[in-house]
Amino acid sequence: MKKITLLICTILFALCFTNCKEKKYFKEIVSEKNVSITKIRFPEKGEDLVVTIPFEFNLYLNNFPKISFVGIYYEKDNSLCTNANYLIYNSKTDKVIFSLDRYQYPNYPKSIYLVERKIKISQEEAQKLIKKYNPKTAVENIKSIDDTIPLVSYKKFREDNPKFIEELRRIPDSIIFVIQNRKEKNPIKIKEKINW
């Protein structure tokens, strides 16, 4: 009798734990995609440069068949960014995703990465990074926003440049997912700090 009671209690605990467990829609990972240097999209001066840093997320949206809409938003320095300030890419194909609306369960990408396009960098800083990571090229090779100099994976960049990363973390940035499930009136809003 004790064994049966213990078995029933164990099963009930396991069921409760499984049902009470928080739903996980995404998780930030340290990206292996490259950090790059390019021209700023709308330069104030002709030589304005930016360093583009990918931050990546595993998506678990295909675990939830009732999802009908997913919106992704990026908050920088406590302000919501416009789409002109960042791009979202499919991690597998490296193709730009303009909206997750074109996907539906069970075809959401398994991972995405965002690239911010407004982290300004001086010519001097850019040249130092290029010399360190891609010495066969030079800052002068960047003539338009289409010219990009890849440096190194974000994982390696983060290890090598802690002061740069510390500055990014000074004012926390966030990723916001807005998820609408079918037959539910209100969407779920999940906001998480980006761990640069």
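Reader: Is Ser144 buried, exposed or partly exposed, and at what relative accessibility?
Author: Ser144 counts as partly exposed, because its relative accessibility is 28%. Buried means under 20% relative accessible area and exposed over 50%, with partly exposed in between (1.4 Å probe, protein chains only). This is a predicted model, in which local features need pLDDT of at least 70 and side-chain atom pairs count only at pLDDT 80 or more, while totals for chains, interfaces and linings use all residues. Residues are numbered from 1 along each chain as its sequence is written, and side-chain values use heavy atoms, with hydrogens and water left out.

Reader: Where is Ser144, then?
Author: Ser144 sits in the loop between H2 and S10. Those labels are DSSP runs numbered from the N terminus: helices are H or I with at least four residues, strands are E with at least two.

Reader: What does Ser144 touch, leaving aside neighbours within four places in sequence?
Author: Thr38 and Lys39. Contact means heavy atoms within 4.5 Å. Thr38 is 106 residues away along the chain, and its C-alpha atom is 7.6 Å from that of Ser144.

Reader: And Ser36, buried or exposed?
Author: Ser36 is buried, with a relative accessible area of 9%. It lies in strand S2. Beyond its neighbours within four places in sequence, Ser36 is in contact with Val50, Val51, Thr52, Thr148, Ile149, Pro150 and Leu151.

Reader: Back to H2. Which of its residues are buried?
Author: In helix H2 (residues 123-133) they are Ala126, Leu129, Ile130 and Tyr133. They lie on the same side of H2, because they cover an arc of only 100 degrees around the axis. The arc is that of the directions from the helix axis to the C-beta atoms.

Reader: Why would residues three or four places apart point the same way?
Author: An α-helix has 3.6 residues a turn, so residues at that spacing point the same way.

Reader: What is exposed on the other side of H2, and what covers the buried residues?
Author: Glu124, Lys128 and Lys131 are exposed on the other side. The cover over the buried residues includes strands S2 (34-39), S3 (49-52), S9 and S10 (148-153), as well as helix H3 (154-160).

Reader: New topic: how many residues of S11 are buried?
Author: Eight of the eight residues of strand S11 (residues 174-181) are buried. Ser174, Ile176, Val178 and Gln180 point one way, and Ile175, Phe177, Ile179 and Asn181 point the other way.

Reader: Which strands pair with S11?
Author: S5 (residues 67-76) runs antiparallel to S11 and is joined to it by eight bridges, and S12 (residues 188-193) pairs with S11 in the antiparallel sense over six bridges. Two strands pair if DSSP finds at least two bridges between them. Phe69 has Gln180 in S11 as its bridge partner, and Val178 stands opposite Lys189 in S12.

Reader: What is in the turn between S11 and S12?
Author: The two strands form a hairpin with six residues between them, and Lys183 in the turn has a positive phi of about 70 degrees.

Reader: Last one: what does the side chain of Arg117 reach?
Author: It reaches the backbone oxygen of Ala84 at 2.9 Å. Arg117 is in the loop between S8 and strand S9 (120-121).

Conventions:
Polar contact = N/O pair within 3.5 Å; in protein donor to acceptor, adjacent residues only side chain to side chain.
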